[in-house]
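Subject: Structure for your files

Hello,

Here is the structure you were expecting. Please have it open while you read the notes below.

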Amino acid sequence: MSTELRMLVYATAVLIACVLVQAIAGILANGLPTQAGARDDLPPVKKFHGRATRTVMNHIEGLLMFAPLVLVAAVSNVSNQWTVMGAQLFFYARLAHAVLYWLGVPWLRALAWGVSLAGTVIVLLALLGMI
């Protein structure tokens with residue numbers, strides 16, 4: 001398996017962890033019966049549960065841009081120092097982003113988000129032959 005595909009697998013594992021953290025935060029905030037129900041009339045979201053939910057959505061958005069590029073690279077047999085570096089930047093920054101989001105650290109979280117986007121753009125530019 002290429003490094004780029006491995007980073008995609010790891011990033012998917014981070015998404016699974018984010019979903020589990022979100023689910024546990026919801027259960028702790030609202031109770032299992034409420035979370036298992038229709039959730040039509042939920043109380044206002046508690047701070048950590050809200051951050052956990054936003055972390056999941058943000059990670060999904062990142063994966064929606066990153067995953068197709070990595071899959072195109074794999075199918076096209078494109079793997080070089082740029083695609084590897086971009087994929088690694090994406091994964092490690094997304095991991096940091098999730099932890100920083102859960103902890104409520106604003107500026108470093110934004111920096112991690114930017115680095116993950118830069119990693120995605122690097123893979124894109126490598127696929128387009130621009131770097």
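The expected span of a helix is 1.5 Å times one less than its number of residues. Helices (H or I, at least four residues) and strands (E, at least two) are DSSP runs, numbered from the N terminus. On that basis, the 29 residues of helix α3 (residues 47–75) should span 42 Å at 1.5 Å a residue, and this agrees with its end C-alpha atoms, which are 42 Å apart.

Two notes on reading the rest. This is a predicted model, in which local features need pLDDT of at least 70 and side-chain atom pairs count only at pLDDT 80 or more, while totals for chains, interfaces and linings use all residues. Residues are numbered from 1 along each chain as its sequence is written, and side-chain values use heavy atoms, with hydrogens and water left out.

Overall layout

The protein chain has 5 helices and 0 strands, in the order α-α-α-α-α along the sequence. Its C-alpha trace spans about 50 × 30 × 20 Å along the principal axes. Of its 131 residues, 34% count as buried (buried means under 20% relative accessible area, exposed over 50%, partly exposed in between; 1.4 Å probe, protein chains only). Contact means heavy atoms within 4.5 Å. Among contacts in the chain with a separation of 6 or more, 77% are between residues 24 or more positions apart.

Just after α3, Asn 77 has a positive phi of about 60°.

Leaving aside neighbours within four places in sequence, Cys 18 is in contact with Thr 55, Val 56, Ala 98 and Trp 102.

Thr 120

Thr 120 lies in helix α5 (residues 106–127). Its relative accessible area is 5%, so Thr 120 is buried. With neighbours within four places in sequence left out, Thr 120 is in contact with Met 65, Phe 66, Leu 69, Gly 86 and Phe 90.

Aromatic rings

There are 3 aromatic pairs in the structure. Rings of Phe, Tyr and Trp (its six-membered ring) pair if their centres lie within 6.5 Å; planes under 30 degrees apart count as stacked, over 60 as edge-to-face and the rest as tilted. Tyr 10 and Phe 91 make a tilted pair, 5.5 Å centre to centre with 55° between the planes. This pair links distant parts of the chain, since Tyr 10 is in helix α1 (residues 3–30) and Phe 91 is in helix α4 (residues 81–103), 81 residues apart. Phe 91 counts as buried because its relative accessibility is 8%, whereas Tyr 10, at 37%, counts as partly exposed.

Phe 91 also pairs edge-to-face with Tyr 92, at 4.9 Å centre to centre and 65° between the planes.

Regards
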